[in-house]
Amino acid sequence: MGARKRIKAEQLKEARKSQAYAKLRNVPTSPRKMRLVVDLIRGKEINLALDILKFSTKEASRSVEKLLLSAVANWKEKNEGQRLEDANLFVKEAYVDSGRILKKTQTCTAGTCAQNSQKIQPRDDSRG
């Protein structure tokens, strides 16, 4: 590796050290409902965002709160020895995408077929 590449790689490594991210997959909630909750915390400080999620009445706020706590834990793992209060962390980016789509075919008359698409949402068996 050349000198310029090494310097650039070290700069990128330092920039990534200050960021932490987490992903949440296979949540049985519609993206539209989840976006309402995510829009509440985008751009807010971590402590304020956690308070908003804790006192929100929406079902999706539990999943987003768990995701945010995971991102904070990832940041703590990267930056050992630094305090969370001194870091001034905030939610820089948060977005929601739709889930997977299962495509099915159904046979019709005269040898043709029709295609159906169904969104896959796993069942939540941990209901309390």
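At 59% relative accessibility, Asp86 counts as exposed, a class that requires over 50% relative accessible area, whereas buried means under 20% and partly exposed lies in between (1.4 Å probe, protein chains only). The model is predicted, so to speak of local features requires pLDDT of at least 70 and side-chain atom pairs count only at pLDDT 80 or more, while totals for chains, interfaces and linings use all residues. Residues are numbered from 1 along each chain as its sequence is written, and side-chain values use heavy atoms, with hydrogens and water left out.

The side chain of Asp86 meets that of Arg83 in a salt bridge of 3.9 Å, N to O; the term denotes a side-chain nitrogen of Lys or Arg within 4 Å of a carboxyl oxygen of Asp or Glu. Arg83 also forms a salt bridge with Glu85, with the closest N and O atoms 3.4 Å apart. Both Arg83 and Glu85 are exposed. Through shared partners, salt bridges join Arg83, Glu85 and Asp86 into one network.

The structure holds 4 salt bridges, and one of them links the side chains of Asp39 and Arg42 at 2.8 Å, N to O. Asp39 has 45% relative accessibility and therefore counts as partly exposed. Arg42 is likewise partly exposed, at 37%.

Attention now turns to the pocket. A pocket here is an open set of points on a 1 Å grid over the protein atoms alone, where a 1.4 Å probe fits, with protein on both sides within 12 Å along at least five of seven lines; lining residues have an atom within 4 Å of a point. The largest pocket has a volume of about 1,500 Å³, taken as the space filled by probe spheres set on the points, which are joined across faces, edges and corners. Its lining comprises 42 residues, of which Ala22, Lys23, Leu24, Leu67 and Tyr95 lie nearest the centre. By class, 24 of the lining residues are nonpolar, 9 polar and 9 charged (nonpolar: Ala, Val, Leu, Ile, Met, Phe, Trp, Tyr, Cys and Pro; charged: Asp, Glu, Lys and Arg; polar: the others, Gly among them). Helices α2 (31-41) and α4 each supply at least two residues of this lining, and α4 gives the most, with 7 residues. Helices are DSSP runs of H or I with at least four residues, numbered from the N terminus.

Helix α4 (residues 60-78) also holds Ser61, which counts as buried because its relative accessibility is 3%. Leaving aside residues up to four places away in sequence, Ser61 touches Val37, Leu53 and Ser56, contact meaning heavy atoms within 4.5 Å.
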